[in-house]
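This report describes selected features of the structure shown below. Please keep the sequence and the coordinates at hand while reading.

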Amino acid sequence: MNEFTKPIPVPDADSAPFWDGTRAHKLLIQRCTNCGTLRFPARKSCGHCHSDASDWTEVSGKGRVYSWIVVNHPVPREVYGQEVPYVVALIDLDEGVRMVSNIIGCDVHAVTAEMPVEVVFEAGQGGMVLPKFKPQA
Amino acid sequence: MFTLKDKYAIAGVGETAYTKNSGTPVLNLAVEACLKAAEDAGVDVKDIDGLISYNFGDSVPAIAVATALGIPHAGYAVDFAGGGNAANLITLSAAAAIESGLAKNVLCFRAMNGRSGFRLGGGREMQARGITQYTAPFGWITYPQAMAMWARRHMIKYGTNAEQLGHIAVTFRDNASLNERAMQRTPITMDDYMASRFIVEPFRMLDICLESDGACAVLVTGADRAKDMKHKPVYIMGGAYGGGPDQGEDLFDAIRWPDHSRNYAAYIADDLWKSAGVGPQDVDVAEIYDCFTYSIIMQLEGFGFVKEGEGGPFCASGAIARDGSLPLNTHGGLLSEAYIHGFNHVLEAVRQLRGDCGPRQIEGAEIALTTAGAMTCGSAMVLRN
Ligand SMILES: [Zn+2]
């Protein structure tokens, strides 16, 4: 392997609707239709009631920054050397699930705890679309 | 809960040199450390009948080491799927294996070319499958990144700051300056710490442990057998392994962990102290898993040495120095001695309880804590002489 690219998400039987959603610029989260619990990452059965019954619901894409880092020294350097510094954050969506993503659209040192953010969709490698977050307008 | 108090002991310890490039396969490192541990105990290698290791990243299987040692009947050769979290788990499991009759003399080891071989966080997978499809595409790939995320949450919640982390790095390096095995022995100041470059904010270079080649081993046996061996036994008083809810799919995955300012320690502390029959106030010296400076703070809080949120000020107070109320990581820790996935902490605890630590010896050390793990799961053990 001589060429490096950013890691490309590989959808599986559970996650395919999520990535189909991002390609349609929708943030879809799996929901247990037995007890109503949202679950992320996607799974066959509900960790709360163990039902297999589920559907997908579009969430607001709004949330808050739970924690964040600023990456200065990237690994692998071949891939992320042009990106630094960049922000990775844990984002608590208003609907109650936590995601990992990047905060874009502001200075890396402007990110603050509980900062309100909203989803934006960004074309990624391999035809995938990544949900990223920017400060709420 | 672990219920084998004082029934089993560590009778021997051994390790290789700690280097950046061992120049030899991991199997050879494991064999060298195991032979030294058996010799230290005075046990004939032919009488070893159990080997246990853990295998995240670079490793070598227990069965391969049993073969290389020429052990005639390795009745119990087991590899745990785990990283630093498993360092005490394997030692506790040795006691459990002996108790069950599966073995009598068990070598526990960790061997890795962690610098010259497989480097953790050096992944270059182009395809993000499983849990990594939700993390790696965003450039969230390495352990320093993951733990920096936890540290930030603690800073948000409690005001933990860089100077407090710096005190941890400076203290452990000072300890390492008295340890001939340590890879980094040059003392550092707070100014050196603050001037070290950011790797992933809030972590600087000096918040992050070394990458190392090397191996460590201990020999676990029954307390009665240990009494007849070369050294005074170091008894296993108690221990615990585990974590809390929503640990994720692997050691890195903590997306759903409820509170990133408290880690596994808070969930296993009760079992640990109950099994040992002592509490944090009884510990004379502690070797606490320090893959990063910050991991010390969550464990001090979780194991009840201080209240949640007070770990930073405690470390800055001088309490963790050799002359403080709780001497920590007397060998220099993973930050300054070497990163043998936490197993070198066990060897240092044994040597402190034997009184073998020379200029860094904590006078009168009778009870030691060793811990392993930084995030959602981990293990800990209380030892006494
Ligand atoms: Zn359910």
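## Surroundings of A:Val71

Leaving aside residues up to four places away in sequence, A:Val71 is in contact with A:Val84, A:Pro85, A:Tyr86 and A:Val88, and also with B:Gln145, B:Ile199 and B:Val200. The model is a predicted one.

A:Val71 belongs to strand β5 of chain A, which spans residues 62-71. Its relative accessibility is 0%, so A:Val71 counts as buried. One of its contacts, A:Pro85, is 14 residues away along the chain, with 5.3 Å between the two C-alpha atoms.

## The zinc site in chain A

The zinc ion is coordinated at 2.3 Å by the SG atoms of A:Cys32, A:Cys35, A:Cys46 and A:Cys49. Along the sequence, these donor residues follow the spacing C-x2-C-x10-C-x2-C. The arrangement of the four donor atoms is tetrahedral, because the angles they subtend around the zinc ion run from 101 to 116 degrees, and four donors qualify as tetrahedral if all angles lie between 85 and 135 degrees.

## Helix packing in chain B

Two packed helices are described by the angle between their axes and the distance between the axes. In chain B, helix α1 (residues 26-41) packs with helix α2 (residues 62-69) at an angle of about 65 degrees, and their axes are 10 Å apart. This angle makes α1(B) roughly perpendicular to α2(B). The crossing of α1(B) and α2(B) is right-handed.

The residues that meet at this packing are B:Leu27, B:Ala30, B:Val31, B:Cys34 and B:Leu35 from α1(B), and B:Ala64, B:Val65, B:Ala68 and B:Leu69 from α2(B).

## B:Tyr339 in a loop of chain B

B:Tyr339 is located in the loop that runs between α11 (333-336) and α12 (343-354) of chain B. With a relative accessibility of 11%, B:Tyr339 counts as buried.

Although B:Tyr339 and B:Tyr18 are 321 residues apart in sequence, their C-alpha atoms are 8.6 Å apart in space.

Technical notes:
Residues are numbered from 1 along each chain as its sequence is written. Chains are lettered from A and ligands numbered from 1 in the order in which they are written. This is a predicted model: local features need pLDDT of at least 70, side-chain atom pairs count only at pLDDT 80 or more; totals for chains, interfaces and linings use all residues. Side-chain values use heavy atoms; hydrogens and water are left out. Donors are N, O and S atoms within 2.8 Å of the metal (3.2 Å for Na, K and Ca); water is not among the atoms, so sites may look incomplete. Four donors count as tetrahedral if all angles lie between 85 and 135 degrees; four count as square planar and six as octahedral if opposite donors are over 155 degrees apart and all others between 65 and 115; anything else is irregular. Axes are lines fitted to C-alpha atoms, for helices over the stretch in contact, and angles run from 0 to 180 degrees between N-to-C directions. Helices (H or I, at least four residues) and strands (E, at least two) are DSSP runs, numbered from the N terminus. Angles under 35 degrees count as roughly parallel, over 145 as roughly antiparallel, 65 to 115 as roughly perpendicular and the rest as oblique. A crossing is left-handed if the near helix is turned anticlockwise from the far one by less than a right angle, and right-handed if clockwise. Contact means heavy atoms within 4.5 Å. Buried means under 20% relative accessible area, exposed over 50%, partly exposed in between (1.4 Å probe, protein chains only).
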